[in-house]
Amino acid sequence: MEINIYQVDAFSTETFGGNPAGVVPDAKGLTEENMQLIAREMNISETAFVEKIEEDFYGVRFFTPTEEVDLCGHATIGTFYIFAEKEFIKPLENETKKIYQDTKAGKLPVYISYINGSVDKVSMEQAKPEKYGGVKDLDAIAKSLGLKSEDIGIEGVELEPEIVSTGLKDIILPVKSKEKLDSIKVNNQHLSQLSTENDVVGVHAFYMPDIKGDIVYTRNFAPRVGIDEESATGTSNGALIYLLKSEDILEGNNLTAYQGELMDRPSEIECEITDENVVLVGGRAQIVLDGKLIIRK
């Protein structure tokens with residue numbers, strides 16, 4: 001069996017930046033076991049498997065090297081960037097095309113913006129934002145990241161770590177300085193245990209240099225699902241903009257998250273939230289591999 005497969009660097013304008021994702025554009029006939037084995041072989045944070053349901057409507061499943069997850073932001077951006085770039089989706093001239101993906105987090109719109117017939121960026125509407133409460137053991141989570149409890153928070157603002165989801169539940173963790181954010185050293189065993197106890201994928205740590213500003217620096221850790229650190233996370237930054245807006249910390253409706261710097265994979269994630277709390281996350285991407293995967297029995 002020969003399978004067309006791509007690798008794409010999402011949330012980046014340059015090759016070797018952003019967050020790599022695998023994409024199988026036609027997964028029809030693949031079993032769940034096949035998908036998991038392919039994701040393990042790709043050995044990047046997520047691989048997306050797509051089946052066309054009807055015009056402008058696609059079923060998508062996402063697998064890490066170890067398990068299936070309900071939704072993945074960067075793999076969504078990468079998937080539909082490929083579909084647009086390869087013209088699997090009919091291009092437009094200077095408009096935005098709306099399509100849908102059917103995921104385990106629900107049926108979600110994806111927007112492909114074109115300029116002069118070329119793909120400019122891809123944005124995804126995320127699942128309805130939800131809060132699941134604060135994290136009880138602040139010392140334990142700080143220790144699992146090599147921090148002290150006094151390093152957690154935003155100077156001049158009352159904001160505790162909170163579990164938030166726009167498709168996947170994460171602990172959104174404010175850190176008081178860029179230096180402390182950069183110094184995080186994760187105990188994967190401890191963080192995996194904490195993630196299991198709190199029923200989350202992982203921790204999304206961020207530093208906000210200007211209160212009510214529109215820039216954050218972020219790092220994401222999800223060893224529970226086989227990801228030690230991720231260079232760009234769409235769902236987590238979607239959860240972050242919702243938390244900041246709901247707590248009246250974000251003044252406007254837009255937020256740019258810079259992630260992946262310490263991994264030498266700089267990423268830029270564009271986030272937007274409407275007055276109705278609809279969250280969109282988007283960016284650009286680069287195709288880096290285009291080939292075939294051969295399965296022999």
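Arg284 forms a salt bridge with Asp120, with the closest N and O atoms 3.4 Å apart. A salt bridge here is a side-chain nitrogen of Lys or Arg within 4 Å of a carboxyl oxygen of Asp or Glu. The pair links distant parts of the chain, 164 residues apart. Arg284 sits in the loop between β17 (279-283) and β18 (285-294), and Asp120 in strand β8 (residues 118-125). Helices (H or I, at least four residues) and strands (E, at least two) are DSSP runs, numbered from the N terminus.

Arg284 is partly exposed, at a relative accessible area of 28%. Asp120 is also partly exposed, with a value of 25%. Buried means under 20% relative accessible area, exposed over 50%, and partly exposed in between (1.4 Å probe, protein chains only).

## Basis of the model

This is a predicted model: local features need pLDDT of at least 70, side-chain atom pairs count only at pLDDT 80 or more, and totals for chains, interfaces and linings use all residues. Residues are numbered from 1 along each chain as its sequence is written, and side-chain values use heavy atoms, with hydrogens and water left out.

## Other charged pairs

The structure holds 17 salt bridges. Side chains of opposite charge can pair when their charged atoms come close. Lys169 pairs with Asp199, the closest N and O atoms being 2.9 Å apart. Lys169 is partly exposed at 21% relative accessibility. Asp199 is partly exposed at 43%.

Asp182 is partly exposed, with a relative accessible area of 27%. Lys178 is partly exposed, at 22%. Glu32, Arg61, Glu68 and Lys104 are linked in a network of salt bridges.

## Nonpolar cores

In soluble globular proteins, nonpolar side chains tend to be buried together. A nonpolar core is a set of buried Ala, Val, Leu, Ile, Met, Phe, Trp, Tyr and Cys residues joined through side-chain atoms within 4.5 Å. The largest such core has 59 residues. Phe80, Ile112, Phe206 and Leu244 have the most contacts inside it. Helix α2 (residues 73-85) gives the largest share of this core, seven residues. A second, separate core of 19 residues includes Val135, Ile141, Ala142 and Ile171.

Ile112 touches residues beyond four places away in sequence, including Phe80, Ala84, Ile89, Val119 and Val122. Contact means heavy atoms within 4.5 Å.

## Around Ser113

Ser113 lies in strand β7 (residues 106-115). Ser113 counts as buried, at 15% relative accessibility. Ser113 and Thr96 are 17 residues apart in sequence, yet 4.2 Å apart in space, C-alpha to C-alpha. Leaving aside neighbours within four places in sequence, Ser113 is in contact with Glu95, Thr96, Ser118, Val119, Asp120 and Lys121. Asp120 is the salt-bridge partner of Arg284.

## Strand pairing at β15

Strand β15 (residues 254-259) runs parallel to strand β13 (residues 215-222), joined by four bridges. Two strands pair if DSSP finds at least two bridges between them. Tyr217 stands opposite Tyr258 in β15.

β15 also pairs with strand β16 (residues 267-273), in the antiparallel sense, over six bridges. Thr256 stands opposite Glu270 in β16.
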